[in-house]
Every structure is written in C-alpha cells, then in structure tokens.
Amino acid sequence: MRSGSSELLLEQQQQELRLRKVKELAPAKKNANKVQRTWREKANFYITSTLAFFSVTAGASLLFLVPLYVDPAISTLVFDFIDKPTLCTTTRREDLLGIFNCSWSSCREGCTSDMYRCTHIYVTYVDSTNLTLPMLADIANHTTWSHLANYTELQPQSEEAQLLVNIKGCGYPPSVKCRNFTDVYGIEGAIFPCYFSRFNKTVVLTNYNRDDQVSMIVNFFVVPFIITLISSVALCVLHCDCRCKRERHLRRRGLNRRPRIENLSDSSISTRVDMLTPAIEVYKQPL
C-alpha cells in the first residue's frame, strides 16, 4: 500500500512539474512566433498600401469620368463653337414618340437608356461671329424678345439648325433639367443668345465656355491619369525588378556560375596522381 501511495504522489508531482513547464514555455512560444518588424519594413508596408489605394481609386474613377465628362468635353472642343454668342430664333418644335423617330433629342435626362420620347427644337441664328448684342442682361432674363424681333430680321439668317442642351443632347439633374429647357427655348419665335459650331453649322448650343471644357479635361482625365501612372511606376520600382533584360541575365549567370579551381598547376595534379597510384595497385586484379 505504501509503495502504491508513493507512486501516486510521484505521478502527481510529475504532473505538477509538467504543468509548470507548460505555463513557463507558453509565453516564450508566443513571443517567439511574434515577428518584430523593422521601421523600414513598416514604412514599406504603409507606402505600398497608400500607392495601391491611389492607383486603384484613380484608375477606377477614369472608368466613370471619361464617358460622363471627358468625352463630351473633347467632342465640344472638336466642334469648334464660336466664342461670342449670336442670336437664335426658334422656328419650330416637334414632340415625337417611337425609337425610330428619336435618333436625337434637344434635351433628355439620362444618356444611357434608349429614347422612346424626344423633343426636336429647330432654330435659325444670325450668321455672324462679330455680332454686338444689345441689352444682353435683358436677353438673359427673356424680357426683350419682342424688341429683338426687328433686330434679327435685319441680320443675315442661317439655315435651320438643331438646338441642343449640350453636345450630347443629354445630361443629369440638377445641371440639366429638360422640362425647363423645353419650356424656355421650345416656344416658337423665342429669341435668345446661342453658339453655333464652325465645324458643323447645323449644331447650336445655348451655353458654351471653352475654358470650362479645358478645365474639365484636365481635372477629370489628366490629373487621375497622372496619379495612376506615378503610383503604378512607384509600386513597380518598390516590388519589381525593373532593370533591362541583359543586366538581369548577366546577374543570373554570375549567381549560377560554379567557383573556379584556382590551383591547377602540373605539380598539384601530379601529386594527386601519385597519391592515388598505391590504392590502384592494391586493388589490382590478379592475372
């Protein structure tokens, strides 16, 4: 009985010792698994994260900004509208239904959906680029149209042209409100300042500013593109081997090249042969 009780005590003591050792080694293992990063590794991590964020954000923004803002701005500059406004007179307005009748519209809200209802506004304008507009402030307030009727009749008129809210004839609120546009410019006989295209004289806009179009291209295309380019190049420099192919090939050859045997003199070779000769004579087969 005493031997059995002593064995139980020894086992309990061994278990207690094991538990103590496990508790002592557990924090040591945790500390061993925890890798301490240097300040250079931390800086590299944060710089990479920042560059990746700017690269992805700017690149993704181009997918939305180019079709919505950049493409209309470039098209507007290509059409080469006059810088100073002239006078337009609304000749007729057509409200049409059907996808085949609505190949274009003077104004519609939304540029991606198909048109089943459209409004065509046709105007004639004073075909002159050096026209001095009388009472321009009153024209903007639409209070002197009746007074300008006699003035426009004395000026050379153009052929009938299409009036558009912008070069695409569409937009999104609040910048484009087609109901207000058609109510103001869709009245037959309405006179208002406008801008016609030198490239295609059948296209007329109600508002045009060349500096606004250029700033739109710079802000919505040039700036995001430069950010994307710089951040992508910086990421390549940080994490890729951007050297030329010949330099990389030479470096790989240098790493894979075997070490050369420096001492290849005749004396060293002869001594090695002399050392091996007795061994060959010992294992010589008998005749």
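**Reading the pockets of a predicted model**

α2 (39–79), β5 (170–171), α5 (178–185) and α6 (210–239) each contribute at least two residues to the lining of the largest pocket in this predicted model.

Q: How many residues line the largest pocket, and which lie nearest its centre?
A: The lining comprises 30 residues, and N166, C170, G171, S175 and V176 are those nearest the centre of the largest pocket.

Q: Which element supplies the largest share of that lining?
A: The largest share comes from α2, which provides seven residues.

Q: What is the make-up of the lining of the largest pocket by class?
A: The lining of the largest pocket divides into 16 nonpolar, 10 polar and four charged residues.

Q: What volume does the second largest pocket have?
A: Its volume is about 180 Å³. The second largest pocket is lined by 13 residues, with C107, R108, E109, R117 and C118 the closest to its centre.

Q: Which elements each supply at least two residues of the lining of the second largest pocket?
A: These are β2 (108–109), β3 (117–125) and α5. Of the elements, β3 gives the most, with three residues. The helix α5 also supplies at least two residues to the lining of the largest pocket.

Q: How many residues of each class are in the lining of the second largest pocket?
A: That lining has four nonpolar, five polar and four charged residues.

Note on methods:
Residues numbered from 1 in each chain as written. Predicted model: local features only at pLDDT ≥ 70, side-chain atom pairs only at ≥ 80, totals over all residues. Heavy atoms only, no water. 1 Å grid on protein atoms, 1.4 Å probe; cavity = no way out; pocket = protein on both sides within 12 Å on 5 of 7 lines; lining within 4 Å. Helix = DSSP H or I, 4+ residues; strand = E, 2+ residues; numbered from the N terminus. Nonpolar A, V, L, I, M, F, W, Y, C, P; charged D, E, K, R; others polar. Points joined across faces, edges and corners; volume = space filled by probe spheres on them.
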